[in-house]
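Q: Please take a close look at one part of this model. I would like the strands, their pairing and their surroundings in one connected account.

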Amino acid sequence: MLATICLLSQGTFAQTALDHTTFALGGGGQPSCSVAQSTFDPVQLDAYIRRMMKEYGVPGVGLAVIENGNIRYVKGYGIRDVKTRAPVTVNTQFAIGSVTKSFTALDMMVLVEDGLVDLDAPVTTYIPEFKLANLVSTRTVTVRNLLTHSTGLVRTDASTFNPKLTAKDIIAAAASTPLVGKPGETFVYSNVNTIIAGEIISRVSGQPWQVFTRQRVLQPLGMNTATLSIENLKKQPDIAVAHELNVKGGGSQPTDYLTLGADAPAGAVNASAAEMARYVRFQLGDGSPLLSQASLNEMHQGQVAAPDFNLPGIFADQARKVAARPSDVPASLVTGERYGFYWGVETFLGETLVQHGGNVTGETANITLLPKRRSGVVILANVEGANTFMEAVRLHVAKVLLGCPGPDVNAVLQAQLKLLGQDNVSIAADRLAARTYQPHASELSVLVGSYKSLADSKPTQITAVDSRTLKLESGFQGVRFAVNLLPLGKNRFMATSQPLIGGVIKFVDRNEKRTIELEGLTGPIPLAVSDQ
């Protein structure tokens, strides 16, 4: 899986007209709400979740709502397997992906309170052989920098999905990884930081990350059926099967779970909505039974600017760049994006939200906290790349918990994405074209050939599979991959398999060169260019 290559929105049809419910505009056009009373209604929430699942093509969802420190609502929606049609329950385990990072931050804070780790000590205090490409950075990079993704390391974690790699391998590779700045200066999200943090936890505690996490975090919180590996997940009686887009047939199809090796501290937790509700209730409490209130609060404090971490902010920013009149683009739903200890921190309707999402092959997750209200929401889905679905649901629930009548967050997101050609209607049109478009033979043959890779040392190859299919062989961050491409028209193609499944590849001719680009929310990502 190359989740690091791009961020692709997923879904089918959704409304794109804005709901003109009355709400005020705060600074910078940011909506704000002065209503203080929650308007949580389970019946209305049920209807909303089911509508969003249909519009975004999500087979199954585990949901939990925590209000004023109490677990108010936990429910399973839809099916956990499109083949067996078995229903999702409150105890269905989902892979939560990078939400796992918040557990690793919690592990580290437990060790801090044990007096075994100093957040501001150099990483070399705990891993003497650790090196960065710059000697000064090696001496000054701290544990805190690991937890805030501000080590200066560029993102190179695509290769870490190789289960054969060890933490030792990844630590050694950091010495030759380019740096984007001094430690503490720049936010660059990367699993490498969390793998190194997990190694510190293991060395200091004398236990593997999995053992420490279970004994010191999961068990005290009553998360006794949560698992920390795919092997153990598969032994459970009630699990959400991973699903990916079925490009040729439409809808979703089961896929293999992503097995993590050294990456475990960055994404290995599997848990149910019921268990994650307990976890969120802990995060909204006083730190008991694991931490002091001060340590819990520190984890939730934004410590480095992170404008490229939050999807609603990215949507709005990119839409303004391409709009004929940027002032007509709906205001960003969130502002002030920062990053804490493996938590994103943002402002929504004048309120601070603390949140983190997770993506692994076949599953998507998000948990969002409203710390001042001691409220929050857990959303787990058994389909890959349901990122916009997560944003629409989590911000809608946050709005309800705040008691604010507007805006219609899904409509705002879709209006912004429409300008980028990545709204649900545009995505549905591309998927229909992938199943039905019949190209002229010359449309494919002219693209066949060898190209110079821009993100890999080996050439990129385009070959013809049949009269309607091309094959792309390329690489990114040291990972080689091969995917088949179905034509959409106008030199655009959709990948039919991992790691780019559902992604759109475009061949662009300019300045007598042909470039192969991957379409994404932040603009096209060049993969290769013609040699001639």
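A: Start with strands β20 and β21. In this predicted model, β20 covers residues 504–510 and β21 covers residues 513–518. The two run antiparallel, and six bridges join them. Arg510 stands opposite Lys513 of β21. Strands of a sheet pair through backbone hydrogen bonds, either parallel or antiparallel.

Eight strands form a closed barrel, in the order β15-β16-β17-β18-β19-β20-β21-β22. The pairing is antiparallel. On average, neighbouring strands of this sheet are turned by 35 degrees against each other, direction ignored.

Now the helix. Helix α15, residues 424–436, lies across β18, β19 and β20. Of these strands, β18 spans 479–489 and β19 spans 492–495. Helix α15 runs at about 90 degrees to β18.

Is Phe476 buried or exposed? Its relative accessibility is 12%, so Phe476 counts as buried; the cut-off for buried is under 20%. Ser453 lies 23 residues away from Phe476 in sequence. In space, their C-alpha atoms are 8.9 Å apart.

Last, confidence. The mean pLDDT of the chain is 91, and 93% of its residues reach 70 or more. Residues 1–29 have pLDDT below 50. Beyond near neighbours in sequence, that stretch has 100 contacts in the model. Where pLDDT is low, the predicted coordinates should not be read in detail.

Notes. Residues numbered from 1 in each chain as written. Predicted model: local features only at pLDDT ≥ 70, side-chain atom pairs only at ≥ 80, totals over all residues. Heavy atoms only, no water. Pairing = 2+ DSSP bridges. Helix = DSSP H or I, 4+ residues; strand = E, 2+ residues; numbered from the N terminus. Axes fitted to C-alpha atoms, helices over the stretch in contact; angles between N-to-C directions. Contact = heavy atoms within 4.5 Å. pLDDT = per-residue confidence, 0-100. Buried < 20%, exposed > 50% of the residue type's maximum accessible area, 1.4 Å probe, protein only.
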